Amino acid sequence: MHATIVLLPGDGIGPEIVAQGKRVLEVIAKRTGHSFEMPEHAIGGNAIDSCGDPLPEETLNACRKSNAVLLGAVGGPKWDDPTAKTRPEAGLLRIRKELGLFANLRPTKTWDELLDASPLKREIVAGTDILFVRELTGGIYFGESGRRPHPSGEEAWNVMIYSTGEIERVVRVAADAARKRRGKLTMVDKANVLEASRLWRQVAERVVRTEYPDLQYNVVLVDSMAMHLISKPREFDVVVTENLFGDILTDEASMLPGSLGLLPSASIGASGPGLFEPIHGSAPDIAGKNIANPLATILAAAMMLRYSMSMNAEADAIEEAVSRVLKAGHRTKDIAGTGTSISTTEMGDFVVGML
Ligand code: IPM
Ligand code: MN
């Protein structure tokens, strides 16, 4: 097959890790006879610098016409001024919205060979295998916001808003995934306080009871979920939740396997190209040092082959290569503990070598 994969390296460590993802895709193409065209486009802070817009029209058009998008990360201190007209993150939010990527899949499983990289006890985290399905184009991220004068200075607000349809479609993505896994679905909300959560609870319950009666379904309040995630992570299979809760819980959950640098994510919509990226940020503190962990991006490339191109065997091959590299003891700094560590490019070399 011929596919166009748009690369959006972005800011900070983005270019370094996307370069490794690209190498892995090139090897897959060569080995299997597929042809991947991989044009690069600007997004985030560097796009603000070059054209004043964190998501230039040209980037968006290229993504729309592609089969899939592989993104590094956006943001950095250079663009952090709270009074700035636009921010790198706005580019990421807009591309999610414009491409209709309402479901963000964040698989979080521990690797046996890395159990000691987790700050949590081995006997608690071993065997964890959770798929988070985070709603990605609604809620407080996209609700009305503003500021107005206030006797004490100013006041500011953000509105968390969800419609029945927005909840139904992401719950269905999660429920379909649960059917293919261990048949358990957990919905996380704050229905004891928030009206938006009460709608989530009603709609999710109806969808599951009527369309997925075979699933084992439960609801958990987000504060208590924060606790359960680190006390009994093995109990969860698929977890579905709204945008902001999903953002926070998936960063927390990344500590189960030990590093944000290991976790890929897939953002998908009803149709059209998906967007694949590591869940971590641009890590400006280590940018340009060739020490970032490229594995999350490499695993995001595997998810891309699986979800956007139905190339399951190729995706398996990448995941298997990563697992063997870890088994062989190769570690970037984030997962090396007190042991020796290798560079970003060396990690890429090892994965390519295993392929
Ligand atoms: C993520 C990131 C983004 C988010 C930021 C960079 C806008 O934290 O993908 O989780 O909050 O969604
Ligand atoms: Mn986040």
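Domain 1 (1-103 + 263-355) and domain 2 (129-255) both contribute residues to the shell around ligand 1, so the ligand lies between them. This is a predicted model, and the space that ligand 1 takes up in it is the second largest pocket.

Shell of residues
- The residues around ligand 1 are Glu89, Leu92, Arg96, Arg106, Arg134, Tyr141 and Asp247.
- Sorted by class, this shell holds 5 charged residues and 2 nonpolar ones, while no polar residue takes part in it.
- Helix 4, which spans residues 88-98, gives the most to the shell around ligand 1, with 3 residues.

- For arginine 134, an N or O atom of the side chain is placed 2.8 Å from an oxygen atom of ligand 1.
- For aspartate 247, the corresponding distance between a side-chain N or O atom and an oxygen atom of ligand 1 is 2.9 Å.
- For arginine 106, an N or O atom in the side chain is 3.0 Å from an oxygen atom of ligand 1.

Burial of the ligand
- Taken alone, ligand 1 exposes 320 Å², and the protein buries 77% of that area.

Note on methods
Residues are numbered from 1 along each chain as its sequence is written. Chains are lettered from A and ligands numbered from 1 in the order in which they are written. This is a predicted model: local features need pLDDT of at least 70, side-chain atom pairs count only at pLDDT 80 or more; totals for chains, interfaces and linings use all residues. Side-chain values use heavy atoms; hydrogens and water are left out. A residue is near a molecule or strand if one of its heavy atoms lies within 4 Å of it. A polar contact is a pair of N or O atoms within 3.5 Å; within protein, one must be able to donate a hydrogen and the other to accept it, and residues adjacent in sequence count only if both atoms are side-chain atoms. Accessible areas come from the Shrake-Rupley method with a 1.4 Å probe; for residues, only the protein chains shown count as cover. On a 1 Å grid over the protein atoms alone, a cavity is a set of points where a 1.4 Å probe fits but cannot get out, and a pocket is an open set with protein on both sides within 12 Å along at least five of seven lines; lining residues have an atom within 4 Å of a point. A molecule sits in a cavity or pocket if more than half of its atoms lie within 2 Å of its grid points. Helices (H or I, at least four residues) and strands (E, at least two) are DSSP runs, numbered from the N terminus. Ala, Val, Leu, Ile, Met, Phe, Trp, Tyr, Cys and Pro count as nonpolar, Asp, Glu, Lys and Arg as charged, and the others, Gly among them, as polar. Domain bounds come from an automatic or database domain assignment.
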